[in-house]
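Thanks for coming, everyone. Let me put the model up, and then we'll walk through a few spots together.

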Amino acid sequence: MKLSDFDFDLPEELIATRPAVPRTASRFLVALGQGGDLSLTDHHVHDIAQFLQPGDRLVLNDTKVIPARLTGQRFRDSAQGRVSSKIEVTLLDPLGETPGGWRALIKPLRKVKDGEEIDFGDGFKARVTGRDDGAALLKFNTSGDEFDAALQKAGNMPLPPYIAAKRAADDQDNTDYQTVFAKHSGAVAAPTASLHFDQALLDQLTDMGVDFSQVTLHVGAGTFLPVKVDDVRDHKMHAEWGEVTAQAAAEIKATKEAGGRVIPVGTTALRLIESAARDTGEIAPFTDETDIFIKPGFDFKVADGLMTNFHLPKSTLMMLVSALMGVDEMKRIYEHAIRDGYRFFSYGDSSLLLPKG
């Protein structure tokens with residue numbers, strides 16, 4: 001498998017910078033079957049009930065995006081006295097058991113020295129304690145609930161780079177870039193397929209007999225990292241923390257045993273439930289980091305389908321959907337989406353992929 005196998009030409013105007021309003025109005029490309037039996041039909045997300053059955057189970061990622069993008073001041077002494085300069089910080093992931101410790105991207109990192117302090121205002125500060133593979137290690141002067149409150153006040157939503165390059169985050173993104181069922185804080189990127197649901201649609205599906213389970217995968221900024229190797233087998237995935245509770249595992253297992261379909265909403269939920277089934281071949285409780293890399297040839301143990309947005313060319317997510325549906329099938333699906341003007345990436349339209357029809 002070569003990286004070029006997962007490339008395609010995407011017109012710039014198809015990259016969405018704002019979501020559809022309301023959420024369920026997003027376009028929805030439904031792909032059923034594989035090979036010569038592949039069928040493609042155009043709908044909207046509010047039509048999803050047509051393609052689900054009582055006893056199906058949707059798996060949702062209930063992670064909550066934190067306002068991880070900060071602007072602060074770096075202070076230093078010079079011949080002119082104490083001077084300050086602007087510093088931009090994007091939090092990446094917490095440092096394990098270190099209260100207030102985070103890995104972060106800093107611009108400009110080369111000008112910041114270990115031991116220096118960055119002031120984000122209102123007494124919210126962080127000290128640079130080291131470096132790690134191009135990122136900085138920070139120790140904030142608060143942790144826990146106090147940290148969450150300070151971050152909520154000082155931070156902005158960490159929009160994906162392909163949106164941030166076109167416009168700055170604003171107050172509307174605080175709502176738009178968060179799912180309606182977000183619960184556990186820790187993600188620095190949204191599980192974007194889930195952004196298409198509102199409570200009314202969730203209630204409609206529940207009333208028709210569709211079941212739901214919630215799992216947690218804290219999506220990291222590594223989800224946007226490009227693949228830099230030509231042979232995709234040599235790519236090393238970033239690790240993200242996730243949890244499948246005993247309750248969620250039991251619910252998913254019961255659905256499989258009853259003959260219902262398990263359909264994760266988003267690649268993050270899919271990666272997590274497949275990680276939780278690696279040891280025994282069936283879903284089990286899981287609390288750990290996962291760096292699972294799903295590419296063509298992968299043996300799916302849990303997922304029967306996937307609801308997902310349209311992904312970046314040459315990305316690991318493009319490889320994941322190709323593993324589920326087939327490489328040639330995904331080329332047909334994306335050709336259809338581009339030809340018909342579907343909107344791509346985090347704020348774009350969505351699809352339902354059901355390889356068995």
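Start with R131 and D114: their side chains meet in a salt bridge, 2.9 Å from N to O. By salt bridge I mean a side-chain nitrogen of Lys or Arg within 4 Å of a carboxyl oxygen of Asp or Glu. This pair links distant parts of the chain, 17 residues apart, with R131 in strand β9 (residues 125–132) and D114 in the loop between β7 (101–107) and β8 (117–119). Helices (H or I, at least four residues) and strands (E, at least two) are DSSP runs here, numbered from the N terminus.

Quick word on where this comes from: it's a predicted model, where local features need pLDDT of at least 70 and side-chain atom pairs count only at pLDDT 80 or more, while totals for chains, interfaces and linings use all residues. Residues are numbered from 1 along each chain as its sequence is written, and side-chain values use heavy atoms, leaving out hydrogens and water.

For the cut-offs, buried is under 20% relative accessible area, exposed is over 50%, and partly exposed is in between, using a 1.4 Å probe and protein chains only.

Next pair: E282 and K253 form a salt bridge, with their closest N and O atoms 3.2 Å apart. E282 lies in the loop between α6 (267–275) and β15 (286–290), and K253 is in helix α5 (residues 246–257), so this one ties together parts 29 residues apart in sequence. E282 is partly exposed at 40%, and K253 is partly exposed at 32%.

Then there's R278 with E274, a salt bridge at 3.0 Å, N to O. R278 is partly exposed, at 34%, but E274 is buried, at 0%. Salt bridges that share partners also join R18, R167, D170 and D173 into one network. Overall, the count comes to 24 salt bridges.

Okay, on to the inside. A nonpolar core here is a set of buried Ala, Val, Leu, Ile, Met, Phe, Trp, Tyr and Cys residues joined through side-chain atoms within 4.5 Å. The largest one has 50 residues, and those with the most contacts inside it are Y177, I333, F344 and L353. Elements giving two or more residues to this core are β1 (27–32), α2 (161–164), α7 (316–325) and α8 (327–339). Which of them gives the most? That's α7, with seven residues.

Looking at F344, and skipping residues up to four places away in sequence, its contacts (heavy atoms within 4.5 Å) include F8, L10, L14, F310, Y334 and I338. Apart from that core lies another, of 23 residues, among them A104, I106, I118 and F120.

Back to α7, since it's mostly covered: ten of its ten residues are buried. What covers them includes β1, α6, β16 (306–309), α8 and β17 (350–354). Just after α7, G326 takes a positive phi of about 115°.

Last stop is T216, in strand β12 (residues 211–217). T216 is buried, at 5%, and a polar contact of 2.5 Å joins its side chain to that of D62. A polar contact is a pair of N or O atoms within 3.5 Å; within protein, one must be able to donate a hydrogen and the other to accept it, and residues adjacent in sequence count only if both atoms are side-chain atoms. Again leaving out residues up to four places away in sequence, T216 also touches H184, W241 and L272, among others.
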